[in-house]
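I opened the notebook to record what I looked up, entry by entry. The structure comes first, then my notes.

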Amino acid sequence: MEYKLPFKDYNKALKKNQLMGLKCNNCEAITCPPMMVCSECASTDLSIIELSGKGKIVTFTTTYVAPEGRQNEVPYTIVIVELDEGPWIMGNLIDIDPGKVGMELIGKRVKMGNRVFPGDKYSAGSAARPVFSFI
Amino acid sequence: MRRVAVVGLGHTKFCFNSPLTEVEMLAEAAMDAINEPNIKPKDIQAAFIGNVLGDFSEGQGMVQSYFINDIGCDQIPASRLEGACASATMAIRDAYMWVASGYYDIVLAGGTERATAMGVPLATRTFAMFGDSRYEYPAGFTFPAAFGLLAHLYSDRYGIPLEKLKEQMAAVSVQSHFYGMKNPNAQFHQEITVDDVLSSPMICSPLQLHDCCPFSDGAAAVVLASEEIAKKLVDKPVYIIGIGQASSPNLARQRKYLPRLRARELAAEQSYRMAGLKPKDIDVCELHDCFSIASLIAAESLGFFEFGTAGNAWEKGETRIGGKIPINISGGLKAKGHPIGATGASQVCEIARQLRGQMVDEGRQVEGAKVGMVDTLGGDGVILNLILSVE
Ligand SMILES: [Zn+2]
């Protein structure tokens, strides 16, 4: 069975600030990032949709110790955002001072852009990730 | 299915910069486990080995074959199991199943890891491979980051002000170092205070250095045998009476269930049901405290404390010897160390020695312990529980 929205297509769209997901024709749930099946009911009857990229921060952390090859990025803030359409996705929070953020972030409204991780010798090419800023 | 017992234990000292290779460390632990019940390597019918990053730390894949040859039981089937930090628990669960089924009578299970040979930047990179490479790593996701995210979520969800939560988390690390002092195999023999934790460098907010377990080298192994053979070999077989294993999707995909980890609740339920026991029946527990906050989340999901209250329990000493449920009397991953491929076997060794009553000399025996629990978490994705009993 064909993978409806493989990483390659999701990633290509994300690099153009388009957040793609899957809408289930069985239970209406939205799956993002994509999977083979609906994340709620495992149906394979899915349609590709574009999400708004808007939502609210549910949690965050600021990282000071980076993996090999990413030392020049620290400190950086990772957030999990609950999208208006339902899914939770991971990305970075930008336009803030990572060293000064605290619990007040939780619940803040954000909108999505993207930045590209160019990849390293362990990864299969580059990958965009969502970056969020306050609305 | 037959009853299966642990009849031999082996455990190297956990350390930084091991002078021994992964195969050599595992060989030392395995020979101790084989010698305990007075059997020989040729009596072992199969081996199940946890090893995670040997490919990166030593350029060595397939340690299980070289290991088996090294201890003189060459040509028996040997399998490597990889479930990140839970690899050795997976190995023991599978080993259990092969003996319970009647296919083998005596097998060896264990694990080995030499993470410190990689240095911190490469170790941080390779450990991050147990997150989602497509949808997590591009954002700079690492495991301290995972538990930093969970800590802030925990504070928000249960309405515990972050400063208060951080003191509770510090109490976990303080307790772990207290018991680590008494464990001769522990990586750290140094007591720490709440102030030490709260003044240590920030790693991934709100987690500071002393909220995090170290990178470690070490190995541990156990010999499992059918009940019939175990009773001939040793005076006090320690039976595996419950097993559980469950998988998770990546962190964000777990959504509103967080900061609870449903995989743990499923694995624990499987093991309690199989053993016919409840959380109150557990006398001693080794749980996966890779980060201080992880201990709170684990102890609640295992059913020892109400959700949102485990930090309070640590502060009040309910997790110490004499408390409601003694947890990580080994020093835990934090003070004993966390050689990821070996950790599950180390936890089983600890619980088995508690149930045999062998901790008196070390001053950390949980008196009268009859039933113990092991809890191990690997990556985003797998949690295992084992229940052991001397009855
Ligand atoms: Zn569906």
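Predicted model: local features only at pLDDT ≥ 70, side-chain atom pairs only at ≥ 80, totals over all residues.

**Entry: the interface**

I looked up the area next. Chain B and chain A bury about 3300 Å² between them. Carbon and sulfur atoms account for 64% of that area. On the chain B side, I asked which residues lose the most area to chain A. They are B:Tyr135, B:Arg253 and B:Arg255. Together these three make up 20% of what the chain B side buries.

**Entry: the zinc site in chain A**

I turned to the metal. The zinc ion has four cysteine SG donors: A:Cys24, A:Cys27, A:Cys38 and A:Cys41. The distances run from 2.2 to 2.4 Å. Along the chain, the donors follow the spacing C-x2-C-x10-C-x2-C. A:Cys24 sits in strand E1 (residues 19-24) of chain A, while A:Cys41 lies in the loop between strand E2 (30-31) and strand E3 (46-51) of chain A. These two are 17 residues apart, and the pair links distant parts of the chain.

Why do I call the arrangement tetrahedral? The four donor atoms subtend angles of 104 to 115 degrees around the zinc ion. The criterion is that all angles lie between 85 and 135 degrees, so the label holds.

A:Cys24 has a relative accessible area of 1% and is buried. A:Cys41 is partly exposed, at 31%.

**Entry: the sheet of chain A**

I then traced the strands around that site. Chain A has an open sheet of three strands in the order E2-E1-E3, with antiparallel pairing. E2 and E3 of chain A each have a single partner strand, so one side of each is left without a neighbour in the sheet. I looked up the pairing of E1(A) with E3(A) and found six bridges. Within E3(A), A:Ile48 is the residue opposite A:Leu22.

**Entry: the sheet of chain B**

What is the strand order of the nine-stranded open sheet in chain B? I read it as E3-E2-E4-E7-E1-E8-E11-E10-E9, with mixed pairing. The edges are strand E3 (78-81) and strand E9 (284-286) of chain B, each pairing on one side only. From one strand to the next, the twist averages 25 degrees.

I went through some of the pairings. Strand E2 (residues 47-50) and strand E4 (residues 106-114) of chain B are parallel, with four bridges. There, B:Ala47 faces B:Leu108 of E4(B). E4(B) and E7(B) are antiparallel, with nine bridges. B:Ile106 stands opposite B:Ala225 in E7(B). E1(B) and E7(B) also run antiparallel, joined by seven bridges. B:Val4 has B:Ser226 as its bridge partner in E7(B).

Are the residues of E7(B) buried or exposed? I found 10 of its 10 residues buried. B:Asp217, B:Ala219, B:Ala221, B:Val223 and B:Ala225 point one way from E7(B). B:Gly218, B:Ala220, B:Val222, B:Leu224 and B:Ser226 point the other way.

Helix H14 (residues 343-356) of chain B lies across several strands, including strand E1 (4-11), strand E7 (217-226) and strand E10 (371-378) of chain B. Helix H14 of chain B runs at about 170 degrees to E10(B).

**Entry: two loop residues in chain B**

I picked out B:Cys212, in the loop between strand E6 (207-208) and E7 of chain B. B:Cys212 is buried, at 9% relative accessible area. Beyond its sequence neighbours within four places, B:Cys212 is in contact with B:Ile203, B:Leu207, B:Cys290, B:Phe291 and B:Lys334. I also looked up B:Leu333, 121 residues from B:Cys212 in sequence. Their C-alpha atoms are 8.8 Å apart.

Why does B:Pro326 count as buried? Its relative accessibility is 4%, and the cut-off for buried is under 20%. Leaving aside neighbours within four places, its contacts include B:Asp283, B:Val284, B:Cys285 and B:Val366. B:Ser176 is 150 residues from B:Pro326 along the chain, with 11 Å between the C-alpha atoms.

How values were computed:
Residues numbered from 1 in each chain as written. Chains lettered and ligands numbered in written order. Heavy atoms only, no water. Pairing = 2+ DSSP bridges. Axes fitted to C-alpha atoms, helices over the stretch in contact; angles between N-to-C directions. Contact = heavy atoms within 4.5 Å. Donors = N, O, S within 2.8 Å, 3.2 Å for Na, K, Ca; no water. Tetrahedral: all angles 85-135°; square planar, octahedral: opposite > 155°, others 65-115°. Buried < 20%, exposed > 50% of the residue type's maximum accessible area, 1.4 Å probe, protein only. Buried area = accessible area lost by both parts, 1.4 Å probe.
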